[in-house]
Amino acid sequence: MNFITVKTYDELSTKAANIIAAQIINKPNCVLGLATGSSPVGAYDKLTEYCKNGIIDFSTVTSVNLDEYVGLDSSNNQSYRYFMNKNLFDRVNINKEKTFVPSGTADDIEKEGEQYDKLIKSLGGIDLQLLGIGLDGHIGFNEPDEYFTAETHLVSLDASTIKANARFFASEADVPTKAITMGMMSIMQAKKVLLIANGAAKKEILEKAFFGPITPKVPASILQLHPDLTVIYSEN
Ligand code: GLP
């Protein structure tokens with residue numbers, strides 16, 4: 001594991017964007033695993049800038065996102081599909097048809113999960129998976145549990161996650177209680193994993209996840225077993 005501590009969010013975003021840009025330059029037809037939340041916004045801004053300046057080209061990139069709220073469709077401004085369009089896809093020259101986000105409005109979420117895993121497999125897996133981390137140690141929406149779940153699956157969000165994500169909604173009552181998330185199999189099979197965490201509030205969970213025991217009670221701790229993991233933490 002490569003654990004990098006930086007001083008500012010800007011530095012974190014530049015380093016993360018540079019790692020993603022290097023991936024695209026090295027393999028123009030790569031599969032990027034992408035994340036939502038507040039942490040990647042700065043990196044997406046930098047990638048947009050690099051694309052506008054001709055440093056990187058998204059035209060042959062495919063992306064698969066980690067997760068989506070159940071019940072929110074792409075037109076809902078709280079959906080993760082909407083977030084990705086707004087923060088990245090609508091700003092760079094990616095082919096939208098090659099950007100995938102699990103559907104939170106599928107009739108059968110379990111089936112949607114199976115199809116999502118098949119899709120990732122058919123793409124040859126993920127070259128670089130970008131992750132944030134929840135205060136309870138979740139990655140994607142894999143919440144603390146008695147076991148790790150391998151496949152893309154339906155989850156009930158923990159009360160602490162609903163509370164943490166309420167900042168993006170009008171009220172806590174508006175936060176969906178369920179989500180569909182990639183499981184640990186696709187994440188752990190990604191060739192490279194890059195996890196970014198911003199702010200002192202994340203320090204404690206990072207210590208548990210990366211310097212404590214590997215346990216499903218701290219889902220991100222499984223990443224200690226990944227052969228090519230980079231964590232970037234910014235204190236401020
Ligand atoms: C959400 C997302 C996660 C993300 C986490 C942390 O719950 N499902 O993928 O990593 O929030 O968010 P933030 O980056 O805003 O701290």
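Buried means under 20% relative accessible area, exposed over 50%, and partly exposed in between, computed with a 1.4 Å probe on protein chains only. This is a predicted model in which local features need pLDDT of at least 70 and side-chain atom pairs count only at pLDDT 80 or more, while totals for chains, interfaces and linings use all residues. Residues are numbered from 1 along each chain as its sequence is written, and side-chain values use heavy atoms, with hydrogens and water left out.

**View 1. Helix α7 has a buried side and an exposed side**. Helices (H or I, at least four residues) and strands (E, at least two) are DSSP runs, numbered from the N terminus. Helix α7 spans residues 203–211, and its buried residues are I205, L206, A209 and F210. These four lie on the same side of α7, because they cover an arc of only 110° around the axis; the arc is that of the directions from the helix axis to the C-beta atoms. An α-helix has 3.6 residues a turn, so residues three or four places apart point the same way. E204 and F211, on the other side of α7, are exposed. The buried residues of α7 pack against β1 (2–6), β9 (192–198) and β10 (229–234), where contact means heavy atoms within 4.5 Å.

**View 2. Seven strands make an open parallel sheet**. The strand order is β1-β10-β9-β6-β2-β3-β5. Two strands pair if DSSP finds at least two bridges between them. β1 and β5 are the edge strands; each has a single partner strand, so one side of each is left without a neighbour in the sheet.

**View 3. Strand β3 pairs with β2 and with β5**. β2 (residues 31–34) is joined to β3 in the parallel sense by four bridges, and V64 of β3 is the bridge partner of G33. β3 and β5 (residues 99–100) run parallel and are joined by two bridges; here V64 has F100 as its bridge partner. Within β3 (residues 62–65), T62 and V64 point one way and S63 and N65 the other way, and all are buried.

**View 4. Three strands make an open antiparallel sheet**. The order of this sheet is β4-β8-β7. β4 (67–69) and β7 (153–156) are at the edges with a single partner strand each, so one side of each is left without a neighbour in the sheet. On average, neighbouring strands of this sheet are turned by 25° against each other, direction ignored. For such angles, axes are lines fitted to C-alpha atoms, for helices over the stretch in contact, and angles run from 0 to 180 degrees between N-to-C directions. Three bridges link β4 to β8 (residues 178–181) in the antiparallel sense, and Y69 stands opposite A179 in β8.

**View 5. F141 lies in the loop between β6 and β7**. F141 counts as buried, at 2% relative accessibility. Leaving aside neighbours within four places in sequence, F141 is in contact with D67, Y69, Y80, V155, L157, T161, N165, A179 and T181. The C-alpha atoms of F141 and E49 are separated by 29 Å, and the two residues are 92 residues apart along the chain.

**View 6. I56 lies in the loop between α2 and β3**. I56 counts as buried, at 4% relative accessibility. Apart from neighbours within four places in sequence, I56 is in contact with A21, I24, I25, L47, Y50 and C51. E11 and I56 are 45 residues apart along the chain, with their C-alpha atoms separated by 19 Å.

View 7. C30 counts as buried at 0% relative accessibility, and C51 is buried with a relative accessible area of 13%.
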